[in-house]
Structures are given as structure tokens and as C-alpha cells.
Amino acid sequence: MHLESVCVRNYRRLRDVRIEIDPETSIFVGANNSGKTSAAQVLDAFLGSARKDRFAVHDFSAECWKAFDAIGAAADADAPLPTITLDLWFKVAP
């Protein structure tokens with residue numbers, strides 16, 4: 001069994017991203033400010049860190065701010081809050 005891909009939603013610049021993982025080696029390559037560091041940090045935050053303060057409000061993607069503003073304006077305590085999610089997809093050998 002190996003990790004085949006990772007899906008990240010609402011974390012910094014990674015609004016809805018799927019990252020394919022090679023069984024041998026994976027390298028993040030991209031332009032400056034494209035989310036390479038965010039991809040590594042979200043993996044550490046979910047999988048490697050045991051700190052309770054591993055996420056802050058500024059870790060949410062810019063798209064989430066509209067929802068936060070709407071909730072604040074309506075003072076609706078029952079409205080669903082945006083979430084940061086990480087889905088791990090594994091491949092199991094037969």
C-alpha cells in the first residue's frame with residue numbers, strides 16, 4: 001500500500017487541489033507564490049504536528065472569507081463554518 005494522491009481544500013493558496021504522489025520520489029515544482037510551501041505545510045499540519053495551534057484563521061483560503069463575513073453579518077451561530085480538509089488516497093496492491 002502506498003499514498004497515491006492528496007486532495008487539499010481551503011488551505012491558503014490551495015483552494016481545491018489534487019497532488020499526485022509518486023511511489024519513489026515527489027518534488028514540488030512551480031512559480032513563486034503558487035502554493036509549494038503551503039502543500040508541504042498542510043501535510044505537516046495534518047500528519048506531523050501534534051500542536052493544538054497548528055491552524056490559524058489566516059490559513060483559510062481567500063474564498064472562505066466571504067463565508068466568514070456572511071456568518072458575521074448575520075450573527076447566525078448555526079451556519080456551517082468553512083473547513084480545511086485533507087483527503088489521502090492510497091493504492092493497495094492486490
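This is a working chat about the chain shown above.

User: What kind of model is this, and how are residues numbered?

Analyst: It is a predicted model: local features need pLDDT of at least 70, side-chain atom pairs count only at pLDDT 80 or more, and totals for chains, interfaces and linings use all residues. Residues are numbered from 1 along each chain as its sequence is written, and side-chain values use heavy atoms, with hydrogens and water left out.

User: How many helices and strands?

Analyst: Two helices and three strands. Helices (H or I, at least four residues) and strands (E, at least two) are DSSP runs, numbered from the N terminus.

User: In what order do they run?

Analyst: From the N terminus on, β-β-α-α-β.

User: Is the chain spread out or compact?

Analyst: More spread out than a compact globule, because its radius of gyration is 16 Å, well over the 12 Å that the globule rule gives for 94 residues. That radius is taken over C-alpha atoms, and the rule is 2.2 Å times the number of residues to the power 0.38. The C-alpha atoms fill a box of roughly 50 × 35 × 25 Å along the principal axes.

User: What share of the residues is buried?

Analyst: Buried residues are 24% of the 94. Buried means under 20% relative accessible area, exposed over 50%, partly exposed in between (1.4 Å probe, protein chains only).

User: Now the strands. Which ones pair with S1?

Analyst: S3 and S2 do. Strand S1 (residues 2-11) runs antiparallel to S3 (residues 85-91), with seven bridges joining them. S1 also pairs with S2 (residues 14-20) in the antiparallel sense, over six bridges. Two strands pair if DSSP finds at least two bridges between them.

User: Which residue in S3 is the bridge partner of histidine 2?

Analyst: Lysine 91. On the S2 side, arginine 9 has aspartate 16 as its bridge partner.

User: What about the hairpin of S1 and S2?

Analyst: Two residues sit between the strands, and arginine 12 takes a positive phi near 50° there.

User: Where does cysteine 7 lie?

Analyst: In strand S1. Cysteine 7 is buried, with a relative accessible area of 9%.

User: What is cysteine 7 in contact with?

Analyst: Leaving aside neighbours within four places in sequence, its contacts are Val17, Arg18, Thr85, Leu86, Asp87 and Trp89. Contact means heavy atoms within 4.5 Å. Leucine 86 is 79 residues from cysteine 7 along the chain, yet their C-alpha atoms are separated by 5.6 Å.

User: Different spot. Is aspartate 59 buried or exposed?

Analyst: Buried, at a relative accessible area of 7%. Aspartate 59 lies in the loop between helix H1 (36-48) and helix H2 (64-74). Apart from neighbours within four places in sequence, aspartate 59 is in contact with Asn10, Tyr11, Arg12, Arg54 and Ile84.

User: What is the phi of asparagine 10?

Analyst: Asparagine 10 has a positive phi of about 65°, although it is not a glycine. Asparagine 10 is in strand S1 and counts as buried at 18% relative accessibility.

User: And asparagine 33: where is it, and buried or exposed?

Analyst: Asparagine 33 is in the loop between S2 and H1. Asparagine 33 is exposed, with a relative accessible area of 59%. Its phi is also positive, near 65°.
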